[in-house]
Amino acid sequence: MQSTYTVTGMTCGHCVAHVTEEVQAVPGVTEVEVTLEGGRMVVTSEAPVDFDAVKEAVAEAGEYAVVPG
């Protein structure tokens, strides 16, 4: 299953790496692809992942915001 999100506030490759690392730690997530340009994040998981868990992981990575889509 794949879910697409938009992450705002990222400015460099380190931002992408931090967001990727934190979201990969969410239970059930098997893969995370984050693109700096446009802030697109695609999360692959075995089952639906709670948006609040994704939101919390992104916030843990830094001063970023995430919205579905």
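Student: Hi! Where is the place of V43?
Tutor: V43 sits in strand β3. Strands (E, at least two residues) and helices (H or I, at least four) are DSSP runs, numbered from the N terminus. Residues are numbered from 1 along each chain as its sequence is written, and side-chain values use heavy atoms, with hydrogens and water left out. This is a predicted model, where local features need pLDDT of at least 70 and side-chain atom pairs count only at pLDDT 80 or more, while totals for chains, interfaces and linings use all residues.

Student: Thanks! Is V43 buried or exposed?
Tutor: V43 is buried, with a relative accessible area of 1%. Buried means under 20% relative accessible area, exposed means over 50%, and partly exposed is in between, using a 1.4 Å probe and protein chains only.

Student: Which residues is V43 in contact with?
Tutor: Leaving aside neighbours within four places in sequence, V43 contacts M1, Q2, S3, Y5, V23, V29 and E31. A contact here means heavy atoms within 4.5 Å.

Student: And how many residues apart are V43 and T30 in sequence?
Tutor: They are 13 residues apart in sequence, and their C-alpha atoms are 7.8 Å apart in space.

Student: OK, zooming out. How many helices and strands are in the chain?
Tutor: The chain has 2 helices and 4 strands. Starting at the N terminus, the elements run β-α-β-β-α-β. The radius of gyration is 10 Å, close to the 11 Å that the globule rule gives for 69 residues, so the chain is as compact as a globular protein of that length. That radius is taken over C-alpha atoms, and the globule rule is 2.2 Å times the number of residues to the power 0.38.

Student: What box do the C-alpha atoms fill?
Tutor: Roughly 30 × 20 × 15 Å, taken along the principal axes. Buried residues make up 36% of the 69 residues.

Student: Now the sheet. What order do the strands have?
Tutor: The order is β2-β3-β1-β4, in an open sheet of 4 strands with antiparallel pairing. Two strands pair if DSSP finds at least two bridges between them. The edge strands are β2 (29–34) and β4 (65–68), each pairing on one side only. From one strand to the next, the twist averages 30°.

Student: How many bridges hold β2 and β3?
Tutor: They pair in the antiparallel sense over 5 bridges, with β3 covering residues 40–45. In that pairing, E33 has V42 as its bridge partner in β3, and V29 has S45.

Student: What sits between those two strands in the hairpin?
Tutor: There are 5 residues between them, and G38 takes a positive phi near 90° in this hairpin.

Student: How many bridges join β1 to β3?
Tutor: Again 5 bridges, and β1 and β3 run antiparallel. S3 stands opposite V43, and T6 stands opposite R40.

Student: And β1 to β4, how many bridges there?
Tutor: 4 bridges join β1 to β4, which run antiparallel. T8 is opposite A65 in β4.

Student: Which strands does helix α1 lie across?
Tutor: Helix α1 (residues 13–24) lies across β2 and β3, and runs at about 165° to β2. Helix α2 (residues 51–61) packs on the sheet, touching β1 (2–8), β3 and β4, and its direction makes about 155° with that of β4. For these angles, axes are lines fitted to C-alpha atoms, for helices over the stretch in contact, and angles run from 0 to 180 degrees between N-to-C directions.

Student: Back to β3. How many of its residues are buried?
Tutor: 5 of its 6 residues are buried, so this strand is mostly covered by the under 20% cut-off.

Student: What about T44, buried or exposed?
Tutor: T44 is buried, with a relative accessible area of 17%. Beyond neighbours within four places in sequence, the contacts of T44 include M1, Q2 and G28.

Student: And S45, buried or exposed?
Tutor: S45 is buried too, with a relative accessible area of 5%. Not counting residues up to four places away in sequence, S45 touches M1, G28, V29 and T30.

Student: Which backbone oxygen lies 2.7 Å from a polar atom of the S45 side chain?
Tutor: The one of A47.

Methods
Polar contact = N/O pair within 3.5 Å; in protein donor to acceptor, adjacent residues only side chain to side chain.
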